[in-house]
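Student: Could you take me through one part of this model up close? After that, I'd like to hear how the rest is held together.

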Amino acid sequence: MLRDVMGKTFRLLGYTIQYGCIAHCAFEYLGGIVVCSGPSMEPTIQNSDIVFSENLSRHFYCIQKGDIVIAKSPNDPKSNICKRVIGLEGDKVCISSPSDFRKSHSYVPKGHVWLEGDNLRNSTDSRCYGPVPYGLIRGRICFKIHSLLRGI
C-alpha cells in the first residue's frame, strides 16, 4: 500500500518536473504573450495592447533595424520596455531629442542596440539611458493579438 502511494507520488513529481521544464523552454526560447503598457510606442502599440513576442531572434542574433522588441529596462531591471530598434552596433544614430535645435550623433558600440519609442515626445529610451546591451533584449514582437480578437 505504502509502496503504491510512494510510486504514484514520485511519478506525479516526475511529470510535474518534466512539464515544468517544457514550459520553461517554450517561454524562454519560443515566445509568449506580453501586455504592453505606456504611451511610448503609440500609435503603433497602444497602452494595454496584447502582443506575441518570439524569442528565437535574440538567440540567433536576428534582430534588425525597425523591429519592435521587448527588453529589460536599463534603469529598472524588474520591468520590461517595448521599443523599436533604431540602430545596431556600428550604426550612427541621432542622440538629440526632437525639440533640440542642434542635432548630435553617436555610434552604437559593439554588443549594443539603440532603442526608441515611436512616440518620441513621450518616450524614455536610448536618448535618455544610452545604448542598450543586446543581452537585455527578451524578444521580438511578431503581431498584436488584440487586433486579431477585434475582427471576430
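Tutor: Phe-10 sits in helix H1, residues 2-30; helices (H or I, at least four residues) and strands (E, at least two) are DSSP runs numbered from the N terminus. With a relative accessibility of 55%, Phe-10 counts as exposed, on a scale where buried means under 20% relative accessible area, exposed over 50% and partly exposed in between (1.4 Å probe, protein chains only). Together with Leu-2, Met-6, Leu-13 and Ile-17, Phe-10 makes a nonpolar surface patch of about 540 Å². Patches are built from residues with over 30% relative accessible area and no salt bridge, joining like charges within 9 Å and nonpolar side chains (Val, Leu, Ile, Met, Phe, Trp, Tyr) within 5 Å. The areas come from the Shrake-Rupley method with a 1.4 Å probe, and for residues only the protein chains shown count as cover.

Keep in mind that this is a predicted model, where local features need pLDDT of at least 70 and side-chain atom pairs count only at pLDDT 80 or more, while totals for chains, interfaces and linings use all residues. Residues are numbered from 1 along each chain as its sequence is written, and side-chain values use heavy atoms, leaving out hydrogens and water.

Now to the charged pairs. Side chains of opposite charge can pair when their charged atoms come close. With a salt bridge taken as a side-chain nitrogen of Lys or Arg within 4 Å of a carboxyl oxygen of Asp or Glu, the count is five. One of them joins Glu-54 and Arg-140, at 2.8 Å from N to O. This pair links distant parts of the chain, 86 residues apart: Glu-54 belongs to strand E2 (residues 50-54) and Arg-140 to strand E9 (residues 137-144). Glu-54 is buried at 9%, whereas Arg-140 is partly exposed at 24%.

Another salt bridge connects Asp-118 with Arg-84, whose closest N and O atoms are 2.8 Å apart. Asp-118 lies in the loop between strand E7 (112-116) and helix H3 (126-129), and Arg-84 in strand E4 (residues 80-87), so the pair ties together parts 34 residues apart in sequence. Asp-118 is partly exposed, at 25%. Asp-125 and Arg-127 also meet in a salt bridge, at 2.9 Å; Asp-125 is buried at 0%, and Arg-127 counts as buried too, at 17%.

Strand E4 has pairing partners as well, where pairing requires DSSP to find at least two bridges between two strands. E3 (residues 68-72) runs antiparallel to E4 and is joined to it by five bridges, with Ala-71 opposite Ile-81 of E4. E4 also pairs with E7 in the antiparallel sense, over three bridges, and there Val-85 has Leu-115 as its bridge partner.

What about disulfides? With a disulfide defined as a pair of cysteine sulfur atoms within 2.5 Å, there are zero. Cys-62 has its closest cysteine sulfur, that of Cys-142, 12 Å away, so a bond is ruled out by distance. Cys-128 is in no disulfide either, its nearest cysteine sulfur being that of Cys-94 at 13 Å. Cys-128 is exposed, at 57%.

Finally, an unreviewed UniProt entry carries the annotation "domain: Peptidase S26" over residues 20-96 and 104-143. Over residues 20-96 the chain is 19% helix and 34% strand; over residues 104-143 it is 10% helix and 42% strand.

Methods
UniProt positions renumbered as here; feature names shortened; annotations may be inferred.
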